[in-house]
Amino acid sequence: MNTNDNSRREFLATGLLAGLALAGCSAKSNPFAELANDAKPSGEMVKLLSVDGEIIEIDKAFLKPVPSLPAVSNEAARVGIAGKKFVMVIDLARCKSLKKCQSACNHMHQIHPTQNWIKVYPMQDAEHTAPYWQPTTCMHCDEPPCVKVCPVDATFKRQDGIVLIDSDRCIGCRFCMAACPYSSRVFNWEELHLEKEVAEKPYSCETSMPQKKGTVGKCDFCPDMARKGELPHCVSACPNGVFLFGDMLEDTVTNGAETLRFSDLIKDKAGYRLMEDLGTKPSVYYLPPVGRNFPFENNEKKEETK
Ligand code: SF4
Ligand code: SF4
């Protein structure tokens with residue numbers, strides 16, 4: 001669904017409210033009592049489309065803000081954005097485990113405080129090799145084992161490459177968690193204490209909010225942001241430009257500050273994917289931690305041993 005559809009929906013929704021307001025006109029008491037208790041006519045009239053398809057005029061003071069609706073229906077969210085194939089590049093040479101990506105993701109998706117969709121692991125490939133930090137997201141695999149095992153089609157792959165979960169369908173069997181070789185998924189064991197504004201929002205597969213107890217959650221590549229032409233929250237939050245996000249079909253990725261040609265970047269810097277031999281075909285590529293911007297410091301380990 002495009003921006004025009006959204007504007008039309010908002011227009012119609014506003015019209016619906018106005019229609020409700022007009023329906024109240026026949027009542028003897030203040031016809032707008034429920035809509036705007038203290039509102040006084042401003043004299044500024046606006047034209048709206050009623051639910052009956054008629055153009056009506058109403059004083060602006062009697063309008064209420066349209067409740068925030070998901071940008072697209074969950075049916076459209078299953079299809080994805082036409083003409084796109086999203087891809088992420090994670091530059092390990094730039095990561096110093098600030099975890100700004102993680103906190104932005106947690107906050108923006110209202111994840112349970114004990115969980116993370118983005119994990120940042122300390123890595124060391126062999127005894128004499130240098131340690132480094134490795135952020136992980138859902139890999140949005142092109143051959144996703146999680147999708148193949150879901151018995152109710154709650155998790156699905158879209159045409160733009162993003163793998164999502166429909167929490168309204170999820171029955172919490174956790175087959176997908178067992179099937180995911182990247183341990184990307186987390187289970188909502190507990191009731192989430194959501195901000196009122198979020199709790200009242202209609203559920204959307206594209207925002208993955210509000211998360212629900214008894215269902216599975218994971219990194220969603222922030223498709224609601226992509227639909228607005230904006231970057232995922234982790235990409236924007238990282239001050240070191242570790243995450244680059246983009247469209248494989250356009251052959252570009254960006255971290256907001258730099259925009260690079262995806263194919264050149266992967267070729268020039270020897271990009272690779274995790275567990276390539278499994279045949280999952282991840283949409284997340286890594287650049288090796290070569291020529292690192294920062295020395296490796298594992299403060300978490302120091303704190304643990306204190
Ligand atoms: S990383 Fe795991 S959860 Fe994400 S698409 Fe691949 S198998 Fe599914
Ligand atoms: S936990 Fe939910 S998404 Fe995962 S396999 Fe079961 S029904 Fe599907």
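Here are some friendly notes on this predicted model, point by point.

1. A word on the ground rules: residues are numbered from 1 along each chain as its sequence is written, while chains are lettered from A and ligands numbered from 1 in the order in which they are written. In this predicted model, local features need pLDDT of at least 70, side-chain atom pairs count only at pLDDT 80 or more, and totals for chains, interfaces and linings use all residues, with side-chain values taken from heavy atoms, leaving out hydrogens and water.

2. Start with confidence. pLDDT is the predictor's confidence in each residue, from 0 to 100. The protein chain has an average of 86, and 83% of the residues score at least 70. Where pLDDT is low, the predicted coordinates should not be read in detail.

3. Next, the open sheet. Helices (H or I, at least four residues) and strands (E, at least two) are DSSP runs, numbered from the N terminus. Two strands pair if DSSP finds at least two bridges between them. Five strands line up as β12-β11-β10-β3-β13, with mixed pairing. The edge strands are β12 (259-261) and β13 (284-287); each has a single partner strand, so one side of each lacks a neighbour in the sheet.

4. Look at one end of that sheet. β11 (residues 252-254) pairs with β12 through three bridges in the antiparallel sense. Here Val253 sits opposite Leu260 in β12.

5. Now find β5 (residues 132-136), where five of the five residues are buried (buried means under 20% relative accessible area, exposed over 50%, partly exposed in between, with a 1.4 Å probe and protein chains only). Tyr132, Gln134 and Thr136 point one way, and Trp133 and Pro135 the other. β4 and β5 run antiparallel, joined by five bridges, and Met123 stands opposite Tyr132 in β5.

6. Helix α3 (residues 100-109) has several buried residues, including Cys101, Cys105 and His109. The buried residues of α3 pack against β4 (119-123), α8 (233-237) and β10 (243-247). Just after α3, Gln110 takes a positive phi of about 55°.

7. Finally, the ligands. A residue is near a molecule or strand if one of its heavy atoms lies within 4 Å of it. Ligand 1 has 14 residues around it, of which Cys138, Cys141, Cys146, Cys180 and Arg185 come nearest. Among the residues surrounding ligand 2 are Cys150, Cys170, Cys173 and Cys176.

Definitions and conventions
Contact means heavy atoms within 4.5 Å.
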